[in-house]
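I opened this model to look up a few local features and the surroundings of the ligand. My notes follow in the order in which I checked things.

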Amino acid sequence: MAGGSGSAGGAGTGGRAVPRLDGLFLRRFLRLLAVLFPGWPSASALMFLTLLGVALLEQLVIYQVGVIPSQYYEVLGNKDFSGFKTLTAVAVTLIIVNSTLKSFDQFICNMMYVNWRKSLTEYLHSCYFQGQVYYSLHVLREDIDNPDQRISQDVERFCRQLSSMASKLVISPFTLAYYTHQCFHSTGWLGPVSIFGYFVIGTIANKLLMSPIVSKLVQQEKLEGDFRFKHMQIRVNAEPAAFYRAGRVEHMRTDRRLQSLLQTQRELIGKELWLYIGINTFDYLGSILSYVVIAIPIFSGVYSDLSPTELSALVSKNAFVSIYLIGCFSQLIDLSSTVTDVAGYTHRIGELQETLLSLGRKKNGNYSEAKTSWDLDGHFGEDPAPRDTAFLLDQVTLSVPSSGKLLIKDLSLRISQGNSVMIVGNTGTGKTSLLRVLGGLWESTRGSIKMLTCFGPRGVVFLPQRPFFTDGSLREQVIYPLKEIYPVSAFSPGSADDERIVRFLELAGLTDLLARAGGLDEQVDWNWYDILSPGEMQRLSFARLFYLQPKYAVLDEATSALTEEVEHELYRLCLQLGMTLISVGHRPSLEKFHSWILKLHGEGRWELTRCEKMKRLPAGEGH
Ligand SMILES: Nc1ncnc2c1ncn2[C@@H]1O[C@H](COP(=O)(O)OP(=O)(O)OP(=O)(O)O)[C@@H](O)[C@H]1O
C-alpha cells in the first residue's frame with residue numbers, strides 16, 4: 001500500500017509548484033466551485049440565494065437596532081412615557097427578528113456546508129472509483145500523498161471554512177457599495193479613495209504574509225495524513241506486530257511522525273503570528289484613518305470658515321460613514337486566516353482532482369469500457385464476444401512501471417476454453433505482473449493484449465494473492481462483487497440461491513462458518529480479516545468462485561495456505577464446474593490441472609510447454 005506511506009518529513013509537493021495564493025490557486029478554486037454549484041437550480045445555488053436574502057434583511061435590521069440608543073436618549077430626555085413604551089416594544093421586536101435572522105444565517109451556512117461536502121465528496125468518489133483509478137492512484141502514482149485523507153478530512157475542512165466565510169462574503173459587495181456611496185456623499189472622493197487605497201495596501205501586505213502559510217498548511221495536512229496512516233497500519237497489522245513484540249519500535253516510529261507533525265504545526269503557528277499582527281494592525285489603524293481623512297481638508301484650510309461646533313458636527317458625521325466603510329473592509333481582511341486555510345485545502349483537493357481526472361482519462365486500450373467493469377446488478381445481456389478465447393497476447397513485452405525492470409519479452413499466447421495455463425517461476429520473475437496485465441491494471445510496454453471476454457460470471461474472475469473481503473454478511477462475501485442476488489436461472493435452474501451458497505460453502509469446507517456467522521444474512525460486526533484464518537480466507541474465496549462459476553478463473557497462489565489434498569479438491573471442483581484456469585503456483589502437484597505450463601525465468605525469458613499430465617475429469621457442471 002503506497003497511500004500515506006510517503007516520507008514523514010517531506011513537504012509533500014513531490015516536485016510540484018509550491019502551493020501559494022496565485023493563479024493556480026484561483027483555477028483550482030474555480031474548478032471546485034463548479035462542483036459545489038453544479039448549475040441552476042441546484043440546492044447549493046438556492047441556499048446561497050436564501051443566505052443572501054437573509055443577510056440583506058439582517059443588515060436592514062442591524063441598522064434599525066443601531067439607531068435605537070439615540071432614540072432612547074430622545075424619549076428619556078423628553079420624559080415621553082408612551083414614546084418610551086412604543087420604542088421598547090419596537091426594540092424588543094427588532095432584537096427578536098435580528099436574533100432569528102442571525103440564527104437562520106448560521107443554519108443556512110451549516111446546511112450549505114453539509115450540501116457542499118456531499119457534492120464534493122460524491123464527485124471525488126465518482127472519479128476515484130471509476131475503472132481502476134483507485135488502484136493506479138495508490139499503487140502506481142507516488143506523487144499524491146494520502147488520497148483518503150484528502151477525500152475525508154480536507155474536503156470536510158474546506159467546506160466548513162468556506163461556509164463560515166459565506167455570509168460575510170455574500171453581503172460584502174452590497175455593504176461596500178452602500179457605504180462607499182454614503183462616504184462619497186459626506187466626504188467627497190477623498191474618503192472612499194483613501195479607504196480603498198488603504199485596503200489595497202492592506203491586501204498586498206496580507207497576501208505576502210499569507211502565501212508561506214498556505215504551503216505550510218499543505219505540508220501540515222500531509223503530515224497529519226502520514227500520522228493517521230501510521231495508526232491505521234498498526235490497527236490493520238496488530239497481530240503480526242504483537243508477534244514481533246513491535247510495540248517499542250512502533251511506539252518510537254509513531255512518535256517520530258507525531259514530532260514531525262507538531263514541528264510543522266509550530267512553524268505554521270509562527271508564520272500565522274505575522275499574519276495576525278498584520279490583521280490587527282490593519283484593524284486598529286483603520287479606526288483612526290477616518291480622522292486622517294477629515295484632517296487633510298481641515299489642515300489644508302478647506303473648512304477654515306466653519307465654527308468649531310460646525311466642524312465637530314462635520315467630523316462626527318464623516319467619521320461615522322468612514323468607520324462603517326473601514327469596518328466592512330476590516331471584516332474582509334479578518335477573513336485572511338480563513339482564506340489561507342481554504343487556499344491550502346483548495347490546493348490539496350485540486351491536486352487530487354487533477355490526478356483523478358488524468359488517471360480517469362487514461363484508458364487501457366486493451367479493454368473496452370464494457371469489459372472493464374462487472375455487471376454488478378446481475379443483468380446479463382447478450383455477449384457479442386467470441387466465447388472460446390479469453391486472452392490473445394501478441395509479442396507482449398512487460399516491464400515494472402516504476403523501475404522499467406524487464407520481466408517478460410515477446411510473449412505470444414492464446415488462452416482459450418479448455419486450455420488451462422499454469423504460470424510458474426522464481427520469486428519476482430513477473431508471474432503476478434502478467435496477471436496484472438491480463439486484468440488491465442498494468443499496461444504492457446510493447447505488443448498487444450486482447451481480452452475477448454468480460455469480467456464476471458460469464459467471463460473472467462480473478463482470485464488475487466491476498467483474499468479480499470468487504471464489510472457485511474456472509475452472503476455478501478460469497479456473492480461479492482455482485483450487489484444483488486445472482487440470477488439463479490442463468491446457470492442452475494430450479495435451485496434456490498440460499499441452497500447454492502450453502503452447498504458451495506460446504507464444498508469449500510466452510511460448513512461451520514454458517515453457524516459462526518449466525519446465518520447467511522446476519523449483519524456481523526466483525527472484520528472478516530480478523531476472524532478468519534488465512535486458509536479459511538482462501539476457502540471462502542473459492543466458495544465465491546464456485547458461486548460465480550465464471551468461464552475463466554485466474555488464481556494467483558490462491559491455495560498457498562491450504563494442504564495439497566484440499567488444493568487438489570478445490571482445483572478438481574473448479575474444472576468440474578467448467579472453468580478454464582490460469583493459475584500461478586509453486587507446487588508441481590498443480591500441473592495436472594493445466595494443459596500448458598508457462599515458465600518465467602526473469603529478465604524477459606520465458607518458456608511455454610504442453611503439460612502431458614492434464615487430468616481427465618468428468619464433464620463440467622452448469623455449463
Ligand atoms: N507496484 C509495484 N511497484 C514497483 N515494483 C513492483 C510493483 N509490483 C511489483 N513490483 C516488482 O515487480 C517484480 C515482479 O513482481 P511480481 O509480483 O510479478 O512477482 P511474482 O513473480 O509474482 O513473485 P512471487 O512469486 O513472489 O509472487 C518484482 O521485482 C516486484 O518487486
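**Helix α2**

I began with α2, which bends by about 35° at P69, the bend being the angle between axes fitted to the seven residues ending there and the seven starting there. I note that this is a predicted model, in which local features need pLDDT of at least 70 and side-chain atom pairs count only at pLDDT 80 or more, while totals for chains, interfaces and linings use all residues. Residues are numbered from 1 along each chain as its sequence is written, and side-chain values use heavy atoms, with hydrogens and water left out.

I then checked the length of α2 (residues 43–77): at 1.5 Å a residue its 35 residues should span 51 Å, and the end C-alpha atoms are 51 Å apart, which agrees. The expected span is 1.5 Å times one less than the number of residues, and helices (H or I, at least four residues) and strands (E, at least two) are DSSP runs numbered from the N terminus. Among the buried residues of α2 I listed M47, L51, L52, E58 and I68, where buried means under 20% relative accessible area, exposed over 50% and partly exposed in between (1.4 Å probe, protein chains only).

**Backbone exceptions**

Most residues other than glycine have a negative phi, and most peptide bonds are trans. I looked up N146, which has a positive phi of about 40° although it is not a glycine; N146 sits in the loop between α4 (133–140) and α5 and, at 1% relative accessibility, counts as buried. Q395 also has a positive phi, near 50°, but Q395 lies in strand β1 (residues 389–399) and is partly exposed at 41% relative accessibility. Y480 and P481 are joined by a cis peptide bond with omega about 0°, and I placed P481 in the loop between α13 (474–479) and α14 (497–507).

**Ligand shell**

How many residues surround the ligand? I found 17, the closest being K405, G428, K431, T432 and S433, with a residue taken as near if one of its heavy atoms lies within 4 Å. Helix α12 (residues 431–438) gives the largest share of this shell, 4 residues.

For polar contacts (pairs of N or O atoms within 3.5 Å), I noted a polar backbone atom of G430 at 3.0 Å from an oxygen atom of the ligand. Polar side-chain atoms also lie by ligand oxygen atoms, that of Q465 at 3.3 Å and that of R436 at 3.4 Å.

Definitions and conventions. Polar contact = N/O pair within 3.5 Å; in protein donor to acceptor, adjacent residues only side chain to side chain.
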